[in-house]
Amino acid sequence: MLKQVYHSQAIQAWERRWFSQKNSSFGLMQQAAWQMTQYIIQCLQYKKLVPRIAVWCGQGNNAGDGYLVAAYLASAGYDVEIFAAVPGESADLHSAIQYAQRQHIKIHNSFDVPEYFNSHIDALFGIGLNRILDEEWQKIIYSLNQKTGLKISIDMPSGLQANTGKPLPCAVKADHTCTLLALKAGLYTGQGKEFSGQVQLLSLIPVDDELEPIASLCPKQIQLPKRQASGHKGSYGHVLVVGGHADMGGAVIMAAEAAFAAGAGKVTVVCDSKHHSPILARSPNIMLKDIHDFSKDSICEILNQVDAVCFGMGLGRDNWADQQFQQWFPELKQAKQLEVVLDADALWFLAAANARLDTHFYATPHPGEAAKLLGVKVSEVEADRIAAIHQLKQKYQGQWVLKGAGSLILSQQLWICTEGNAGMGTGGMGDVLSGMIAALKAQFHDNIHLHEIISLHAQAGDMLAQSGERGLQAQHMPQAIYQVVNR
């Protein structure tokens, strides 16, 4: 079953519809706090702590959840104190405060939390936060982050924008986030993964017909078809890798080796001939052609012999590279039977060409390349990655991957990849991904989806990172790819 992700405004509207049906808002707050308390108790027991719990409460209804959680924890026998801002005017919040007071919980009107507290519940802000926090709130969040011990956020890590994963400008770094009603995109993309820790969903109320998701989380279980005993190298796709400027030969090698690791039957690299000997020394199964030997006719001829092309790795951005783009790209657009991956320098020239892509094109920019394609700053892309990938598709068509933490995939719908790790932020990892996409599309075409390939790539990276994220290198990926495509 797919996990759906929703916009905060859609969740708030859904909640209002629930209340309009005479359901109690305070009753829902109690239900949410009770279920959160059970989850928090599980976390405390797993950590085998003798907990002293500080509950950090803000001014809105998210703070109301915090007061009630504190009350329920106290009634379960836990040592709890509340550290709180001056509360807002919400009737539900004041009911929650009164409930906590009846449990004789000590409530401090400050955030001077002593160091002997070893567990912290973050109930400062909820999903409605859209403003940059002032200096005083930033100091409070910084103070919480400096505390040792277990940290659990209610609904969202306070300070994290619910839809973009952007800190405003800082956010609580939680070990766990107990999110309410529905999953929010900001927990999974942008910087969200840095802050949200392990996410636990408490759905609480039934989904109604008006609630529309903005994305789905990529599935983690991907089963590729078993190979038939009668298959041969011609049965499993021929991948063409085009790039390899005279000064940059490594990218095409990594793309080609990844294509073979993902199961391609044949792989041909078209690059500057000075790289041919090193390529053969590493991978003698790769076929090679000199990029300088190609004319329009010979490009058409080789495109008729292959099933998928990845174009742009190590192409460069000088006049020679521009000429190569102008020579190859029109023929790729005409070859309707091909699966075409555009990455790296091909995206740089695509931005200048401002061309429209067909559905068989897969473009895989990182945020810097996305910014170039959209004519904006990288910070604007990262401020709202979901908006950026929709703008890319609207401007260029085709299918898109916006790489980075919580990679986004936009084909017929939006997907968010929750796998992968920080160790994958290293040179050549995008070249490996391009080779994987080309190889799996060459083998399965419409029987495998782009978001599934991104998940397999991320899983291969996670397999490598089991020994540690630091120092993970793209050239180590083929063995991990081999394993994930054979599970």
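## The annotated span

Helices (H or I, at least four residues) and strands (E, at least two) are DSSP runs numbered from the N terminus. An unreviewed UniProt entry annotates residues 11-212 as "domain: YjeF N-terminal"; such annotations may be inferred rather than shown by experiment, and their positions are given in the numbering used here, with feature names shortened.

## Basis of the model

This is a predicted model, in which local features need pLDDT of at least 70 and side-chain atom pairs count only at pLDDT 80 or more, while totals for chains, interfaces and linings use all residues. Residues are numbered from 1 along each chain as its sequence is written, and side-chain values use heavy atoms, with hydrogens and water left out.

## Strand E16 and its partners

In strand E16 (residues 357-363), 5 of the 7 residues are buried, that is, under 20% relative accessible area with a 1.4 Å probe and protein chains only. E16 runs parallel to strand E15 (residues 339-342), joined by 3 bridges, and pairs in the parallel sense with strand E17 (residues 397-402), also over 3 bridges. Pairing requires at least two DSSP bridges between two strands.

Tyr362 of E16 is the bridge partner of Val341 and stands opposite Gln399 in E17.

## Cysteines

The whole structure has 0 disulfides, a disulfide being a pair of cysteine sulfur atoms within 2.5 Å. The sulfur of Cys57 is too far for a bond because the closest cysteine sulfur, in Cys178, is 15 Å away. Cys271 is in no disulfide either, with the nearest cysteine sulfur, that of Cys310, 12 Å away.

Cys57 is buried, at a relative accessible area of 0%. Cys271 is buried, at 0%.

Key: Buried means under 20% relative accessible area, exposed over 50%, partly exposed in between (1.4 Å probe, protein chains only).
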